[in-house]
Amino acid sequence: MAVDLLLGLQWGDEGKGKIVDVLTKDYDIIARFQGGPNAGHTLEFDGIKHVLHTIPSGIFHDNAVNVVGNGIVIDPVIFQKELENLEKFNLDIKSKLLISRKAHLILPTHRLLDAASEASKGKAKIGSTLKGIGPTYMDKTGRNGIRVGDLELEDWKDKYRTLADKHEAMINFHDVSIQYNLAELEAEFFAAVKVLKSLTFIDSEEYIHQAQENKKTILAEGAQGSLLDIDFGTYPFVTSSNTTAAGACTGLGVAPNKIGDVYGIFKAYTTRVGSGPFPTELFDEDGETMGRVGNEFGATTGRKRRCGWLDLVALRYAVQVSGVTQLIMMKADVLSGFKKLKICTAYNYRGETIKHLPYNIEAENVTPIYTEIDGWDKDLTKINSKDDFPAALNGYIDFLEKELNVPITVVSVGPDRTQTINR
């Protein structure tokens, strides 16, 4: 049985959590394959907003098993808080939430290293969430990391001490003032590890393989957006893992020929949190309106998101890299009221018109080339059928489908799971 993928196609915050929640009824297993608590997946239903950071977004459905794959990095302290937030819903966490033994652990000193590294960069900082993600992946690739499976071994605390001592020496190397009480942080960490050890650990690649053999339906849930991919994103302003379709293969142990549908999610406009190039960013009233109406604040960091017109050059690139088969457009309702909409269809790159994403998209090299089309006034949030779409919205969708050569099969018109229109 093929594994379907759900990916964000921009710089994150596309609305992946909501769509996974909507799609979960069609799947037996929801599996996260990369990232960690730097992700913030927001789900809204029954008048309640839920924000998940590491736990897959299918956790509220009785029918679905949720797998935290080997490509994830887990902060036990944040994980414990997520579990505590779920307690009032009486979920069967023991059987419905499974953790890969090969997932790596974020230590308190990883977070301190992250803060020290970012502080040392000054104005050149990359906009880290300071969750310890980068240092943890560095230890993973440097073959120093501690994995969930290590917690089942008697000497894991010795391994922890060796690594934490090494981290402290590295923190001092950065020569910046970072105030911390490691004993306090470690007490919280070890208490959270006890909670983590009460959950079900699995050899996740074997679990996924057996599920495929038994014809179980599986949806792999991506975290950060495609343009934050460590290889294909706007480096160095990226995350530390592979957020494209390839990441699902390495983050879950799924063979490339076992990938099925690839759902790509994008906003009807573009946003970005933190530092990094953003060719279509707006600094005017239109950008302010997008941010205000769209409530554009990071679910994890609370940082205000930068807003701009839809960038089809970047979106086409993300579709191409991951082989997207279906598109899902989010936040169409936010564009209601704009008389004219601009869509970036090409770049002026150093005096040449191009339609592909070049190596460098910093402002000094790239100027967006826009196509302008009519907007719509109609409030979309009360719509429950595609037949009620205003003509201008259909025109917007048709234009995007022709440019991207991929069908837009779902349009979201509000944050609630019910505000999702199938086409």
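Visitor: Is Ser 226 buried or exposed?
Guide: Buried means under 20% relative accessible area, exposed over 50%, and partly exposed in between, with a 1.4 Å probe and protein chains only. Ser 226 has 3% relative accessibility, so this residue counts as buried. The model is predicted: local features need pLDDT of at least 70, and side-chain atom pairs need pLDDT 80 or more, while totals for chains, interfaces and linings use all residues. Residues are numbered from 1 along each chain as its sequence is written, and side-chain values use heavy atoms, without hydrogens or water.

Visitor: Where does Ser 226 lie, and which residues does Ser 226 touch?
Guide: Helices (H or I, at least four residues) and strands (E, at least two) are DSSP runs numbered from the N terminus. Ser 226 is in the loop between strand S10 (218–221) and helix H9 (245–252). A contact requires heavy atoms within 4.5 Å. Setting aside residues up to four places away in sequence, Ser 226 touches Gly 8, Leu 9, Gln 10, Gly 233, Thr 243, Thr 244 and Ala 318. The loop between S10 and H9 also holds Pro 236, and a cis peptide bond, with omega about 5°, joins Tyr 235 and Pro 236.

Visitor: How many helices and strands does the protein have?
Guide: The protein has 12 helices and 20 strands. Its radius of gyration, taken over C-alpha atoms, is 21 Å, close to the 22 Å from the globule rule for 423 residues, so the protein is as compact as a globular protein of that length. The rule is 2.2 Å times the number of residues to the power 0.38. Of the 423 residues, 57% count as buried. Among contacts between residues at least 6 apart in sequence, 77% join residues at least 24 apart.

Visitor: How many aromatic pairs does the structure hold?
Guide: Rings of Phe, Tyr and Trp (its six-membered ring) pair if their centres lie within 6.5 Å; planes under 30 degrees apart are stacked, over 60 edge-to-face, and the rest tilted. The structure holds nine aromatic pairs. One of them is Phe 189 with Phe 190, edge-to-face at 5.5 Å centre to centre and 65° between the planes. Phe 189 is buried at 0% relative accessibility, whereas Phe 190 is partly exposed at 21%. Trp 376 and Tyr 396 have ring centres 5.8 Å apart and planes at 65°, so that pair is edge-to-face. Trp 376 is in the loop between strand S18 (366–374) and helix H12 (391–404), and Tyr 396 is in H12, so the pair ties together parts 20 residues apart in sequence. Both Trp 376 and Tyr 396 are buried. Trp 156, Tyr 160, Phe 189 and Phe 190 form one aromatic cluster.

Visitor: Is Asp 377 buried or exposed?
Guide: Asp 377 is exposed, with a relative accessible area of 59%. Asp 377 lies in the loop between S18 and H12. Apart from neighbours within four places in sequence, Asp 377 contacts Ser 336 and Gly 337.

Visitor: What is phi of Asn 90 and of Arg 143?
Guide: Phi of Asn 90 is near 55°, a positive value in a residue other than glycine. Asn 90 sits in the loop between helix H2 (76–86) and helix H3 (93–96) and is exposed at 70%. For Arg 143, also not a glycine, phi is positive, near 65°. Arg 143 is in the loop between helix H5 (133–141) and helix H6 (156–173), and counts as exposed at 77% relative accessibility.
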